[in-house]
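Subject: Structure for your reading, with notes

Dear colleague,

I am handing over the structure below, and my notes follow it. Please read them with the structure open beside you.

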Amino acid sequence: MESISIVHKPARVARTRLPTQQQVVLPLLVFSAVVLVVAPLIILLRSSFLPAGELPFDALSLTFTNFAAAYADAATLKLFLNTTYYAGGSVLLGLILAGLLTWLVERTDMPFRTTIKATLFASMTIPPLAYAFGWVLLLNPNNGALNVWLKNLFRLDQHPFDVYTLWMMIFISATELVPTMFVMLSGLFRNMDPQLEKAAAVSGANYLKTARYILLPLLTPGLLSVAMYMLMIMVQAFEIPLVMGLTAGVPVLSVYIYLLSSPEGGTPKYGLAAAFGIGLLVLAIILMVVYYAATRTAERFRVVTGKGFRPKRIELGRGRYPAMIFTWIYFGIMVAPLLALLWTSLLPFYQLPSAMALNKISLNNYRTITGSTKVQQAILNTFILVFSTATLAMLLSGIMSWFAVRGKGKLARFLDMIAFAPMAIPRIVMAISILLLYIRTPLYGTIWIIVLAQVTAYLAFGTRTINGALIQIHPELENAATAAGASWLTTMRKILLPLLWPHFLNAWLWIIAHSMRDLTLALTLMSPDNVVLSSTLWILWSFGDVPKASALLMLMMVGLLLIVLPIQLYAARKAGG
Amino acid sequence: MLTVRDLQKNFVADNGSVRAVDGVNFDVAPGEFYTLLGPSGCGKTTTLQCIAGLEMPDAGEITLDDRLVFSRNAKIVVPAHRRDIAMVFQSYAIWPHMTVFENVAFPLLHGRRRVSRSSVNDRVMKALQLVQLAGLENRPAPFLSGGQQQRVALARAIVDEPKVLLLDEPLSNLDAKLREEMRFELRDLVLRLRITSLYVTHDQIEALSMSDRIAVMSNGKIVQEGTPREIYLTPKDRFVADFLGKSNFLEGRVLELFPGAGRGKVDTAIGTLHCLITLAVKPGDTVLLGFRPAALKVLHDGRAGKINALRGEISSTSFAGDFLECQVRVENQQLRALLDPYREFKVGEVISLQIPEDRLATVALL
C-alpha cells in the first residue's frame with residue numbers, strides 16, 4: 001500500500017511573505033531597461049520593412065523596398081565612404097595631434113605643462129556647434145574673416161581656404177577631438193614604466209630607437225583602443241557634418257538619416273531612414289567588437305607595473321621652442337573660432353573686424369535674444385531637459401550598476417549588457433527609433449521624449465562610471481549594514497550613496513554638459529513645444545541670424561560654466577577634505 | 001539557540017558546480033561559544049553567511065532562537081536584515097564616511113530593534129566603554145588603527161544586544177601581539193554579555209583557546225565536533241590531527257581489545273603499545289595511532305616495569321623558548337617530542353621515554 005507522504009510543517013509557519021525591496025525593484029529595472037533600450041530597436045527593425053508613408057503601428061505588411069532602395073543605390077556606397085573618410089580621417093589626425101601633445105605634456109620638460117593640461121580639460125565643455133559656427137565665420141569662401149585677411153595680405157586672387165570641404169571638416173573635427181583624446185592618452189603615457197625605456201637605453205639604443213622599438217609597440221594596443229573608441233563616436237558625429245557637410249556636398253550617414261526623417265519639404269521617409277539606420281547600427285556594432293578586441297589586447301600589454309615611479313622626463317633643450325610653437329598654434333586654432341563667435345555676437349550683422357565695425361559693438365543681440373519668449377521657453381526646456389536627464393540617468397545607472405556588479409547570475413549580466421548597449425547605438429539611430437516608437441503617444445512633441453532618449457543614451461556612461469566605483473567598495477560594508485538590520489534601501493541610502501557620492505556628482509555633471517550640447521536627439525525629436533537651446537541655435541543659424549546664434553552660443557557656454565564650475569569646486573573640496 | 005540541519009550550498013563555477021557546504025549539522029546552546037574551524041575553502045564562511053542570510057542555501061534548515069529563518073522544504077526565507085543576529089566581519093567593514101559614534105549607532109537607528117533617540121547615546125557609550133574605546137566616539141573612521149577598527153566593529157555588533165553573534169575571522173587582520181590580546185578580551189566580553197557566539201577561523205590557537213566547542217570542517221563537511229580538549233588530544237582522523245598542530249603517527253596491528261574499557265594493545269614498529277581504541281576495529285586489523293609531541297614523558301628512573309616505555313636517541317634539538325622541540329629516534333622511527341626547555345638535551349643522548357596510554361589513540365586514515 002502506498003503511504004501518503006505528509007509534508008512536515010514547521011512549528012512556526014511563516015506569514016505570507018512580502019516581497020523584499022530587491023524583488024520589487026529588479027523587475028521594474030528590467031522592465032525600464034527593455035522599454036528604454038530594446039523596444040526602440042525592435043521598432044527600428046520593424047520600420048525598416050515598412051511600406052512608404054506608413055507608421056510602424058499602422059501597417060502590418062512587410063516590404064524589402066526600403067533596403068532595396070537604400071542599398072541598391074550607388075549613392076549609398078558614397079554615403080558609407082564619406083562617413084568612413086570623415087570618421088577615419090578626423091580620428092587619425094586627432095590621434096597624431098593628441099599623441100604629440102600628450103607626449104610633450106606627460107613625458108617632456110616642456111614649460112607650462114599644468115596650464116596646458118587644465119586648459120585642455122576645460123575645453124571639453126565647448127560644444128561642437130561652437131567650433132562649427134566659428135570656423136564657418138572664419139573660413140567660409142565668401143566673407144570668412146581669415147580668408148579675407150589672407151587674401152588681402154598675400155594679394156591672392158582667390159580665398160585660400162574653403163570650410164565647406166571634407167578636408168576642413170576632418171581638420172576641425174580632429175582639433176575638437178584632441179582634448180578628449182588627451183585625457184584618454186595621458187594615463188597611457190604616464191603609466192609607462194620608465195624601466196622599460198632604461199633597459200633599452202642600457203642596451204645601447206638612442207631615444208629614437210627606443211621610441212621606435214620599445215615605446216611605440218607597447219603603446220600600440222592602447223592607441224588602437226582609443227582610436228576605435230573615438231571611431232565609434234565619430235561615425236555618429238552630427239553637428240559638424242550638419243553645418244558644413246551639406247554645403248560641401250559630402251553628406252554622412254547620420255546627417256542623411258536625419259534629413260530623411262525631417263525633410264525640409266515633403267513627407268518623412270521613416271522606412272528608408274530606418275533601413276539606413278540599420279546599416280549605421282551594423283557599422284557601429286562592428287567597430288564595437290573591434291574595440292573590445294583592442295582593449296583586451298591593451299589589457300594584456302598593460303605596462304602599468306604599479307605606483308611609486310615618476311616617469312623620466314625627456315629634456316627638450318633647444319627642442320622646446322618648436323614644441324611650444326606647436327602647442328601655441330594648437331591653442332590658437334582652438335581659440336580662433338570662439339573669438340569669431342564673440343565678435344559676431346556683438347554686432348548687428350556679420351562683418352569683418354575693422355575700426356568701423358568696432359563702433360557698432362553692443363550687447364543688443366544678447367538683450368534681444370534673452371527677451372525673446374521663444375528663447376526663454378527654450379531656456380526653460382533646456383533646464384528641464386538637462387537636470388531631469390542627468391538625475392534620472394544617474395538614478396537608473398546607480399541601481400542598474402548595483403545589480404550588475406553585486407548581483408549574480410544571468411539577469412545581472414543581462415542588465416549590464418542592456419545598459420552598455422546604447423554605447424553601440426549611434427545617436428541618430430536612437431533618435432529615429434524613439435521617434436518611431438512614441439510618435440503616436442502624447443509623449444511625442446514634449447520635452448520628455450528628448451529626456452527619455454537622452455537618459456537611454458547616457459545610461460552607458462552612467463553605469464560604466466558607477467560600476468568602476470562600486471567594484472572598489474568592499475561588499476562587506478553593505479553586508480555589515482544588512483547584518484545590523486538595515487533594509488536594502490536603507491543600506492543603499494546610508495552606506496553606498498554617501499560613499500559613491502563624488503562619482504555620482506561627477507557623472508551627473510558630465511551628463512549635464514553633454515545633454516545641453518547634444519543636437520542630434522534634440523533636433524530629430526524636435527516639435528514646436530520642445531525646442532531647447534541647441535535646437536534654437538540651429539534654427540537661428542539656418543535662418544541666417546548669425547549674430548543672434550553667436551550670442552546665444554556664448555550665453556550657453558557661460559551658463560554651462562556657471563553650473564559646472566561651482567559644483568566641481570565643491571566636489572573637489574569634498575574629495576580633498 | 002542556533003540549529004543548522006542538512007545545510008547545503010553550491011556555487012556555480014566555470015567548470016561546473018562546486019558544493020561549498022555539504023550537509024552540515026550542528027546545534028549551538030544558549031550562551032555557548034561555538035567555533036567552525038578549517039582551512040580556507042572548507043565552507044566555514046559560507047556556512048556563516050547562510051546563517052546570516054547573506055547567502056541563500058540550496059537545502060537544509062536554519063533555526064535561530066526557535067524561529068525558523070530558513071527552510072528549503074517549508075519555503076521559508078527570512079531576509080538577512082530581519083534575522084536576530086549581529087556580525088563582525090573579517091575586514092571589520094567600518095563605514096569610512098562615518099565617525100565611530102555613527103558607526104556604532106547605526107544598528108540602533110536603522111536596524112531591527114530601533115530605540116528612541118534619547119537612549120541611543122547611552123547605549124552607544126556603554127558599548128564603546130565595553131570595548132574600551134570611550135573618548136574616541138567623535139573620531140572619523142578612517143583615522144582608526146586596525147585594533148581600534150576591530151573594537152568599533154565589535155561595539156557595533158553588540159550595541160543592540162543580539163541573541164547570536166557571528167564572527168567571521170575577526171582577528172585575522174591584526175598583528176600577532178594584538179591578536180593574542182583581543183582573543184581574551186573578545187572571549188571575556190561575550191561571556192560577560194552571555195551572547196551566543198558562532199566563530200569562524202582557520203587559526204587553531206584561536207579556536208582552542210576561545211571555544212566551548214569546535215567543529216572542524218573540511219570540504220564542506222564537519223569532520224569532528226567536540227570540546228577543544230577532545231579535538232586536540234583525541235583527533236578522530238589524520239586530517240584533524242594534522243590541522244590542529246603537529247602529531248606523531250605510528251602504523252600498527254591490533255593484538256588485543258581489553259573488554260569494556262575502549263582500550264587495547266597494538267603492535268607497532270617501536271614495540272607493543274597500550275592505547276585508546278576509538279574506532280570500531282577487531283584484533284588483526286591494521287590501524288594508525290597518533291599522539292601529540294607534548295604527550296611524551298621523559299622517565300628519569302628507568303623503563304623497567306612501565307607500560308609504553310621507549311628507549312630513544314636525540315637526533316636533533318631546537319630551542320623555542322616555551323619548549324624544547326626534539327626529534328627522537330626510537331627503533332628507526334623519528335618521533336617529535338616537546339621537552340622541558342630548562343633541561344639541556346644533547347644530540348646523541350639516549351633517554352627513556354613513555355607515551356602514557358591515555359595519550360595515544362587510534363586515528364582514522366581518512
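**A hairpin pair in chain B**

B:Glu256 stands opposite B:Lys265, a residue of β13(B). The strand β13 (residues 263–268) of chain B runs antiparallel to strand β12 (residues 248–258) of chain B, and 6 bridges join them; two strands are taken to pair if DSSP finds at least two bridges between them. Helices (H or I, at least four residues) and strands (E, at least two) are DSSP runs, numbered from the N terminus. Between β12(B) and β13(B), which form a hairpin, there are 4 residues, and in the turn B:Gly260 has a positive phi of about 80°. On its other pairing, β13(B) meets strand β14 (residues 271–276) of chain B in the antiparallel sense over 6 bridges, with B:Thr268 opposite B:Gly271 of β14(B). These two strands, β13(B) and β14(B), also form a hairpin, here with 2 residues between them.

**Basis and confidence**

This is a predicted model, in which local features need pLDDT of at least 70 and side-chain atom pairs count only at pLDDT 80 or more, whereas totals for chains, interfaces and linings use all residues. Residues are numbered from 1 along each chain as its sequence is written, while chains are lettered from A and ligands numbered from 1 in the order in which they are written. For chain B the mean pLDDT (the predictor's confidence in each residue, from 0 to 100) is 90, and 99% of its residues reach 70 or more. The model scores ipTM 0.82 and pTM 0.81.

**Domains**

Chain B is divided into domain 1 (2–241) and domain 2 (246–363), with bounds that come from an automatic or database domain assignment. The C-alpha centres of these two domains of chain B lie 39 Å apart, and their contact takes 6 residues from domain 1 of chain B and 8 residues from domain 2 of chain B; residues are in contact if their C-beta atoms, placed from the backbone, lie within 7 Å.

Chain A is divided into domain 1 (21–63 + 365–577) and domain 2 (76–104 + 117–301 + 320–362), and the C-alpha centres of the two lie 25 Å apart. Their contact takes 38 residues from domain 1 of chain A and 37 residues from domain 2 of chain A. On the side of domain 1 of chain A that touches domain 2 of chain A, the largest share, 11 residues, comes from α24(A).

**Between the chains, and the core**

Across the two chains, 24 residues of chain B are in contact with 22 residues of chain A. The elements β5 (67–71), β7 (85–88) and α2 (100–110) of chain B each supply at least two residues of the side of chain B that touches chain A.

The largest nonpolar core has 268 residues, and those with the most contacts inside it are A:Phe133 and B:Leu289. Such a core is a set of buried Ala, Val, Leu, Ile, Met, Phe, Trp, Tyr and Cys residues joined through C-beta atoms within 7 Å, where buried means that 20 or more other C-beta atoms lie within 10 Å of the residue's own. The largest share of this core, 15 residues, comes from helix α19 (residues 447–471) of chain A. Leaving aside its neighbours within four places in sequence, A:Phe133 is in contact with residues including A:Val243, A:Leu341, A:Trp541 and A:Leu553.

With best wishes

Technical notes
Buried ≥ 20, exposed ≤ 12 C-beta atoms within 10 Å, placed from the backbone.
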